[in-house]
Amino acid sequence: MLFTAPFVKLSLINLSLSHFLNTQEARQRGDSSSSSLIFKTSMAGTGIFTDILDGDVYKYYSDGEWKTSSSGKSVAIINPATRKTQYKVQACTQEEVNKVMEMAKSAQKSWAKTPLWKRAELLHKAAAILKDNKAPIAESLVKEIAKPAKDSVTEVVRSGDLISYCAEEGVRILGEGKFLLSDSFPGNERTKYCLTSKIPLGVVLAIPPFNYPVNLAVSKIAPALIAGNSLVLKPPTQGAVSCLHMVHCFHLAGFPKGLISCITGKGSEIGDFLTMHPAVNCISFTGGDTGISISKKAGMIPLQMELGGKDACIVLEDADLDLVASNIIKGGFSYSGQRCTAVKVVLVIKSVADELVEKVKAKVAKLTVGPPEENCDITAVVSESSANFIEGLVMDAKDKGATFCQEYKREGNLIWPLLLDNVRPDMRIAWEEPFGPVLPVLRINSVEEGINHCNASNFGLQGCVFTKDINKAILISDAMETGTVQINSAPARGPDHFPFQGLKDSGIGSQGVTNSINLMTKLKTTVINLPTPSYSMG
């Protein structure tokens, strides 16, 4: 396994990232010659992003301007790989939250009167600016959440595509209404014409998670805006700088002042104040247990919540084990397992368990471990507290007799990939979400045992089943209490227009472009009453 020690010079790491970004750009141009590559560094907070930085502290965005907080305080963002302060953002106050909300309410009234085609036009423009400036945004992702460089670029480009798709879908969905006639219900003549349309909710509060701060922010922002809402973004601390760069792309696109705001700060100081603010008409949140607390406090407003999962992978005896092993690696270890849709427990029929475990072990041995700038498969998890939590699950499994397929190894926030075999239901790792590169394998005697384990979880986000028998796959899918079941593939969120939802503690409501637009609108009905029945004579 590849591991680059912490003393590698930052200049070399920056060069590696810059080389990758320029290589990607050259490939998109069809230029494969390395001699044609220009080795330049696209630093965050420079170029078109100069306005968002004040000294060494990033500003927050309000009323169409980049501002410093009256608190005079900042929040440090720690680089997961170096464990040193990488960036700082404003620690906004509750009074600044009040001002943002006041402006959002006012701006929304005018925005709701903006034609759909014009809203879509501005979203397309923001998408183009975002994709054109993927390099500094990707760099931010690498440094504040330790996402591999290639995946960071992919997230930014994917986000631009999502914005554009949402613009087009919004024009289609919101451009259509519904027309009802009263005589379709028994006892009525045709004396009433009912016209139904979708109208905006008002102010949408968007709270994305650290692991996809740009993509899961725009998955909330774009539907809100095309539907005629204003948007207040509270980014995660780890991922805030990436979000601020993304918001500046919307600013450059020319959206009206006050329509979009991005407020940073400590959750302990402004978190509840934001989510319980009377001006908020809808909350879209992606994260963990905090979402349960938000849902209890939010009041009578629409909620869109995705709160994690313990996604089970059920493997039948007739499964293609090479396919299963590849998907377990992709599903369990990509971005170091820090994905809500990661494979988090393998439930395999005993008769094929030995063979499957050996195939997965062989693939784990090929995973590279090290800095995100070098595009390693396994990078540091987001924080020391996360690493400590993962280690606690591992030690519990060790004490209770799980089989370690690799030696457990950790350096700082960097945890080497680990497959745990012969895990039993009395071990914490069988139920809790590690959000790291540790994957438990439970050997089961029957499909029913696997389904029962899956359904006993308090989570119900996604799951997957591997079998060559499509009839069995459908029956198992129907029996699994999860929002989505993948057949012969690892769990995944996307493509971004697919419905994405969880059951039980995994969430409320459904995501995906169409579902998000619908959630961020409400129905408005106008009834035309006629003095006498009216029928078309044909």
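**Close-up views of the predicted model**

View 1. At 49% relative accessibility, Phe179 ends up in the partly exposed class. Here, buried is under 20% relative accessible area, exposed is over 50%, and partly exposed is in between (1.4 Å probe, protein chains only). Keep in mind that this is a predicted model: local features need pLDDT of at least 70, side-chain atom pairs count only at pLDDT 80 or more, and totals for chains, interfaces and linings use all residues. Residues are numbered from 1 along each chain as its sequence is written, and side-chain values use heavy atoms, with hydrogens and water left out. Phe179 sits in strand β7 (residues 178–181); helices (H or I, at least four residues) and strands (E, at least two) are DSSP runs numbered from the N terminus. Together with Leu195 and Ile528, Phe179 makes a nonpolar surface patch of about 260 Å². Patch members have over 30% relative accessible area and no salt bridge, with like charges joined within 9 Å and nonpolar side chains (Val, Leu, Ile, Met, Phe, Trp, Tyr) within 5 Å. A salt bridge would be a side-chain nitrogen of Lys or Arg within 4 Å of a carboxyl oxygen of Asp or Glu. The areas come from the Shrake-Rupley method with a 1.4 Å probe, and for residues only the protein chains shown count as cover.

**View 2. The largest nonpolar core, around Met246.** This core has 69 residues, and Met246 is one of those with the most contacts inside it, as are Leu123 and Phe250. Helix α7 (residues 240–253) gives the most to this core, with nine residues. A core is a set of buried Ala, Val, Leu, Ile, Met, Phe, Trp, Tyr and Cys residues joined through side-chain atoms within 4.5 Å. Skipping neighbours within four places in sequence, Met246 is in contact (heavy atoms within 4.5 Å) with residues including Leu130, Val214 and Ile221. Another core, of 62 residues, lies apart from this one and has Ala387 and Val447 among its members.

**View 3. Ser230, tucked away in strand β10.** Ser230 belongs to β10 (residues 230–233) and is buried, with a relative accessible area of 0%. Beyond neighbours within four places in sequence, Ser230 is in contact with Lys105, Gly202 and Leu259, among others.

View 4. Strands β5 (residues 74–78) and β6 (residues 85–90) pair in the antiparallel sense over five bridges, where pairing takes at least two DSSP bridges. Ile77 has Tyr87 as its bridge partner in β6. Arg83 is partly exposed at 47%.

**View 5. Strand β20 in a seven-stranded open sheet.** The order is β16-β19-β20-β15-β14-β22-β23, with mixed pairing; the edge strands, β16 (403–404) and β23 (484–487), each pair on one side only. Strand β20 (residues 438–444) runs parallel to β19 (residues 418–421), over three bridges, and four bridges join β20 to β15 (residues 345–349), also in parallel. Ile349 stands opposite Ile444, while Leu418 has Val438 as its bridge partner. Six of the seven residues of β20 are buried, so the rest of the structure largely encloses this strand.

View 6. Most residues other than glycine have a negative phi, and most peptide bonds are trans. Asn422, in the loop between β19 and β20, has a positive phi of about 55°. A cis peptide bond, with omega about 5°, joins Gly494 and Pro495.
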